[in-house]
Amino acid sequence: MQTKLRIAVQKSGRLQEESLALLRECGIRLEEGRDQLKVASRTFPLEVFYLRNSDIPQYVHDGIADLAILGENTVIEKEKELDLVMNLGFARCRLSIAVPKGTEYPGLQWLNGKHIATSYPNTLRGWLKQQNLSAEIHEIAGSVEIAPNIGLANAICDLVSSGNTLFMNGLEEKDVILESEAALYANKNLSPEAKTILDQLVFRIKSVLAAKNNRYLLMNAPNEALEAIIKILPGMKSPTVVPLAEAGWSSVHTVIAEDRFWEIIHQLKAAGAQGILIVPIQKMIV
Ligand code: AMP
């Protein structure tokens, strides 16, 4: 029987949608049945297990699943040894200490002897130890941000992305304990067959992520402006330059990082570029 990789994905929660979208963009079509625990793909040797976020590190550690898409913070909290295969660039957040707005907080020492509410007791405990601080940890499963308001704790240690939830609950972020994003993890003892399939999956994911982070850039320019324009372009290799039907003009094509485009657009225009187009890339083989 052909080996299939078993990948654990959140049954519900913030990571689920983007995890499944990523698999889809990798050409992995899943059979219908999101309500089932286990769904196979017909287009790639993969089975998706929908599991509870906090249970996934254990399943991958024990080899019940070969792979998982998880927030780094979850793996750190569960203290399970897994192979980090690659970061995936979504679900970025940080685990932070926050206190009620207006609290006089001269620095970390303030936490000594205080009560801190969190759903991440292991990570917090490790950090407090590292910082030589002693505080009481109150483990709660959710709605951590209301703990100071109801007199349960002096501070919280929780995940923050926009900071909006903290703001709405009258809290101020003070110290970042750890930064996290979604990542692909693997069991440490994959069989050689499973590793071969994992390599194919990683190749596809890299192509999808590279395409997301880059844009195809086209522009027209008079030939005398080409030298200046090419100097401005931070392309993959040297740009492609092809003559236009109109004598003395060329079309310049290149690939640039999405976040560099706005930096250089004015320079390109000033150098003589016209009709600038920026086009999404479907897949980029790196
Ligand atoms: P869930 O609680 O199942 O919706 O998933 C929570 C996971 O989403 C966390 O473990 C983080 O990895 C990630 N995440 C990203 N941003 C946030 C945020 N602002 N609050 C909570 N979780 C976040």
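Helices (H or I, at least four residues) and strands (E, at least two) are DSSP runs, numbered from the N terminus. This is a predicted model, in which local features need pLDDT of at least 70 and side-chain atom pairs count only at pLDDT 80 or more, while totals for chains, interfaces and linings use all residues. Residues are numbered from 1 along each chain as its sequence is written, and side-chain values use heavy atoms, leaving out hydrogens and water.

**Exercise 1.** Find the buried residues of helix H1, what covers them, and the glycine that follows H1.

Step 1. Buried means under 20% relative accessible area, exposed over 50% and partly exposed in between (1.4 Å probe, protein chains only). In H1 (residues 16-25), the buried residues are Gln16, Ser19, Leu20, Leu22 and Leu23.

Step 2. They lie on the same side of H1, because they cover an arc of only 155 degrees around the axis. The arc is that of the directions from the helix axis to the C-beta atoms.

Step 3. Contact means heavy atoms within 4.5 Å. Among the elements covering this buried side are strands E1 (5-10), E3 (46-51) and E4 (67-71), as well as helix H6 (192-213).

Step 4. After H1 comes glycine 27, with a positive phi near 80 degrees.

**Exercise 2.** Which residues of helix H8 are buried, and which exposed residues does the face turned away carry?

Step 1. Phe261, Ile264, Ile265 and Leu268 are buried in H8 (residues 261-271). Their arc around the axis is only 125 degrees, so they sit on the same side of H8.

Step 2. Trp262, His266 and Ala270 are exposed on the face turned away from the buried side.

Step 3. The cover over the buried residues includes strand E12 (214-222), helix H7 (226-232), strand E14 (249-257) and strand E15 (274-280).

Step 4. Just after H8, glycine 272 has a positive phi of about 115 degrees.

**Exercise 3.** Trace the order of the five-strand open sheet.

Step 1. Two strands pair if DSSP finds at least two bridges between them. The order is E8-E7-E9-E6-E10, with mixed pairing.

Step 2. E8 (136-139) and E10 (171-180) are the edge strands, each pairing on one side only.

Step 3. Strands E6 (residues 93-100) and E9 (residues 155-160) run antiparallel and are joined by five bridges. Alanine 98 has isoleucine 156 in E9 as its bridge partner.

**Exercise 4.** Is asparagine 73 buried or exposed?

Step 1. Asparagine 73 belongs to helix H3 (residues 72-78).

Step 2. With a relative accessible area of 5%, asparagine 73 is buried.
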